[in-house]
Amino acid sequence: QVQLVESGGELVQPGGSLRLSCAASGSIFSIPTMGWYRQAPGKERELVATISSGGNTNYVDSVKGRFTISRDNAKKMLYLQMNSLKPEDTAVYYCLARLRKAWNTPLYDYWGQGTQVTVSS
């Protein structure tokens, strides 16, 4: 059983900062890719950022220069540092882990339950 648990979401004023965390646990052999997605009310879930086990990162244009994704492979942790937050960043943020449960097995996507980020004055 694999579990992803996000934390860190809360209400913050525009221009503020938040750090989201995601802890992966369970039967995991490797996690080649981890990422953050978000879903605002009435909108589809969208990619925010991804990071490989080697540290290669990818960001959606709207967060470049403001958000930083990072991970601790040994602890199976994923982070998202969000600075200069805007009201349009308001959404439920989900952690994704694309992982293998054993050597030479297929990759599967696992999702966390989400954490609410609200940017408002």
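**Close-up views of a predicted model**

**View 1. Thr90 and its surroundings.** Leaving out residues up to four places away in sequence, Thr90 touches Ala40, Gln116, Val117, Thr118 and Val119, where contact means heavy atoms within 4.5 Å. This is a predicted model, with residues numbered from 1 along each chain as its sequence is written. Local features need pLDDT of at least 70 and side-chain atom pairs count only at pLDDT 80 or more, whereas totals for chains, interfaces and linings use all residues, and side-chain values use heavy atoms, with hydrogens and water left out. Thr90 lies in the loop between S8 and S9; helices (H or I, at least four residues) and strands (E, at least two) are DSSP runs, numbered from the N terminus. The side chain of Thr90 reaches the backbone oxygen of Pro87 at 2.9 Å and the backbone nitrogen of Val119 at 2.9 Å. Thr90 and Ala40 are 50 residues apart in sequence, yet their C-alpha atoms are 6.5 Å apart in space.

**View 2. Strand S11 and the strands paired with it.** Strands are said to pair if DSSP finds at least two bridges between them. Strand S2 (residues 11–12) and S11 run parallel and are joined by 2 bridges, and the bridge partner of Val12 in S11 is Val119. S9 and S11 run antiparallel and are joined by 3 bridges, with Gln116 of S11 as the bridge partner of Val92. The covered face of S11 holds Thr115, Val117 and Val119, while Gln116 and Thr118 form the uncovered one.

**View 3. Thr115 in strand S11.** Thr115 lies in strand S11 (residues 115–119) and is buried, with a relative accessible area of 9%; buried means under 20% relative accessible area, exposed over 50%, and partly exposed in between (1.4 Å probe, protein chains only). The side chain of Thr115 reaches the backbone nitrogen of Gly9 at 3.1 Å. Setting aside neighbours within four places in sequence, Thr115 is in contact with Glu6, Ser7, Gly8, Gly9, Leu20, Ala91, Val92 and Tyr93.

**View 4. The disulfide of Cys22 and Cys95.** A search of the whole structure finds 1 disulfide, a term used for a pair of cysteine sulfur atoms within 2.5 Å. The disulfide joins Cys22 to Cys95, with an S to S distance of 2.1 Å, and the link is left-handed, with -75° about the S-S bond. Because Cys22 lies in strand S3 (residues 18–26) and Cys95 in strand S9 (residues 91–100), the pair ties together parts that are 73 residues apart in sequence. Cys22 counts as buried, at 0% relative accessibility, and Cys95 is buried, with a relative accessible area of 0%.

**View 5. The largest nonpolar core.** A nonpolar core is a set of buried Ala, Val, Leu, Ile, Met, Phe, Trp, Tyr and Cys residues joined through side-chain atoms within 4.5 Å. The largest one has 30 residues, of which Trp36, Leu80, Met82 and Tyr93 touch the most other members. Among the elements that give two or more residues to this core are strand S1 (2–7), strand S4 (30–39), strand S5 (46–52), strand S7 (67–72) and strand S8 (77–82), and S9 gives the most, with 5 residues. Not counting residues up to four places away in sequence, Met82 touches Gly16, Ser17, Leu18, Leu20, Arg66, Phe67, Tyr93 and Val117.

Terms used
A polar contact is a pair of N or O atoms within 3.5 Å; within protein, one must be able to donate a hydrogen and the other to accept it, and residues adjacent in sequence count only if both atoms are side-chain atoms.
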